[in-house]
Amino acid sequence: MIVTVTMNPAIDKTVEIEELVPGGLNRIQKVEYDAGGKGINVSKTIRELGGASIAAGFLGGSAGKTIENVLNEKGIRNDFIWVDGETRTNTKVYEKNGEVTELNEPGPQISKEAVEQLLKKLEGYADDQTLFILAGSIPNSVDKGIYEEIIKRVHKHGAKVLLDADGEQFRNALQAGPDIIKPNRAELEEYAQFDYRASIEELLKIAEDLKSSGIGTVAVSMGKGGAMFVHGDYKVKCPALSVKAHSTVGAGDAMVAALAYAWDFNLDDEQTVRLCMAASAGAVTTIGTKPPARELVDELMKQVVIENI
């Protein structure tokens, strides 16, 4: 069983314009709405790949109800804690030249009581057959050590955790020993306190050090540079696939979904890497945070090049 945890969900509003004119009139050519937040995006992609998950976290207000309805319509099981206030709406403005401007709202205040309710709910799902996905930002009112606390609690019940976070949340959570992590290049460089662009060899060294600390799988997404995967003695990198890109938003979430799907279906290392690369590449061809179709992912899997490092 896979449980995705989205602490700060959002309605993703995607608008397309010719060119952004700051301080002037901007006429929108196209608008898309979807249920969003990293964990929810992961659940949507898992569903498209043919798997299943439970989406959990916090929802509030009419926007929260809209997200719940969308998930129900997509056949995605969900079990959220309802809070006072309104779930946020995040607006992404796409220009014809490919530039993206993001306007993200802060989200509702979350009480300590609501946090404890969520922790107990997650523990209720935790056993040795469960993978929890902790992904994305947390509300300002929630302690930055929340991911670390979740990992400690569910590990007591034998569950596994896949972490996709950055900054302080990433560093705190590492202390609890997540089982799979998916940082991007910039997040790994920040963690290592590099003030320059790290080489592949340096990124590999950081990944190996993290693996040595007890993390089972380290997947590093590198945008146009492809990705790197370290699992046991299996260490590979893959060039990015050549696709007609619409937006890079959601590519990392698609890779997380592929990692989770691979865990759930016991795919081997090569199958896992191919699925991760194909799902991520497929995601950049879609509008907003919509997941790639399974048929496209299957086609792209054949094009993945895997190089030992």
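Which residue of strand 8 is the bridge partner of Ile-2? It is Leu-131. The legends below describe close-up views of a predicted model.

**View 1. Strand 8 and its two parallel partners.**
Strand 8 (131-135) pairs with strand 1 in the parallel sense, over 4 bridges. The bridge between Ile-2 and Leu-131 belongs to this region. Strand 8 is mostly covered, with 5 of its 5 residues buried. Leu-131, Ile-133 and Ala-135 point one way, Phe-132 and Leu-134 the other. In a regular strand, side chains alternate between the two faces of the sheet. Both sets in strand 8 are buried.

**View 2. Helix 3 and its buried face.**
Helix 3 covers residues 112-125, 14 residues in total. From first C-alpha to last it reaches 20 Å, close to the 20 Å expected at 1.5 Å a residue. Its buried residues are Ala-114, Val-115, Leu-118, Leu-119, Leu-122 and Tyr-125. Seen down the helix axis, these buried residues fall within an arc of 140°, so they line one face of helix 3. An α-helix has 3.6 residues a turn, so residues three or four places apart point the same way. Lys-112, Glu-113, Lys-120 and Gly-124 are exposed on the other side of helix 3. The buried residues of helix 3 pack against several elements. The strands among them are strand 1 (2-6), strand 4 (54-59), strand 5 (77-82) and strand 8. Helix 4 (146-155) is a further packing partner.

**View 3. The open sheet 3-2-6-7.**
Four strands form an open sheet: 4 strands in the order 3-2-6-7, with mixed pairing. Strand 3 (30-36) and strand 7 (100-104) stand at the edges. Each has a single partner strand, so one side of each is left without a neighbour in the sheet. From one strand to the next, the twist averages 15°. Strand 6 (residues 88-95) and strand 7 are antiparallel, paired over 5 bridges.

**View 4. Helices lying across strands 2 and 3.**
Helix 1 (residues 38-49) lies across strand 2 (10-17) and strand 3. The angle between helix 1 and strand 3 is about 95°. Helix 2 (residues 61-73) also lies across strand 2 and strand 3. Helix 2 runs at about 85° to strand 2.

Asn-104 is found in strand 7. Asn-90 stands opposite Asn-104. Leaving aside neighbours within four places in sequence, Asn-104 is in contact with Arg-88 and Asn-90. Is Asn-104 buried, partly exposed or exposed? At 46% relative accessibility, Asn-104 counts as partly exposed. Ser-213 lies 109 residues from Asn-104 along the chain, and their C-alpha atoms are separated by 35 Å.

Gln-193 sits in the loop between helix 6 (185-191) and helix 7 (200-212). Gln-193 has a positive phi of about 60°, although it is not a glycine. Its relative accessible area is 71%, so Gln-193 is exposed. A search of the whole structure finds 3 aromatic pairs. In one of them, the ring centres of Phe-194 and Tyr-196 are 5.1 Å apart. Their planes stand at 10°, so the pair is stacked. Phe-194 is partly exposed, at 25% relative accessibility. Tyr-196 is partly exposed too, with a relative accessible area of 40%.

The rings of Tyr-261 and Phe-265 have centres 4.3 Å apart. Their planes lie at 25°, so this pair is stacked. Phe-265 counts as partly exposed at 41%. Asn-266 is in the loop between helix 8 (251-264) and helix 9 (269-283). Asn-266 has a positive phi of about 55° and is not a glycine. At 68% relative accessibility, Asn-266 counts as exposed.

Definitions and conventions
Residues numbered from 1 in each chain as written. Predicted model: local features only at pLDDT ≥ 70, side-chain atom pairs only at ≥ 80, totals over all residues. Heavy atoms only, no water. Pairing = 2+ DSSP bridges. Axes fitted to C-alpha atoms, helices over the stretch in contact; angles between N-to-C directions. Contact = heavy atoms within 4.5 Å. Phe/Tyr/Trp six-rings, centres within 6.5 Å; stacked < 30°, edge-to-face > 60°. Buried < 20%, exposed > 50% of the residue type's maximum accessible area, 1.4 Å probe, protein only. Expected span 1.5 Å × (residues − 1). Arc of directions from axis to C-beta.
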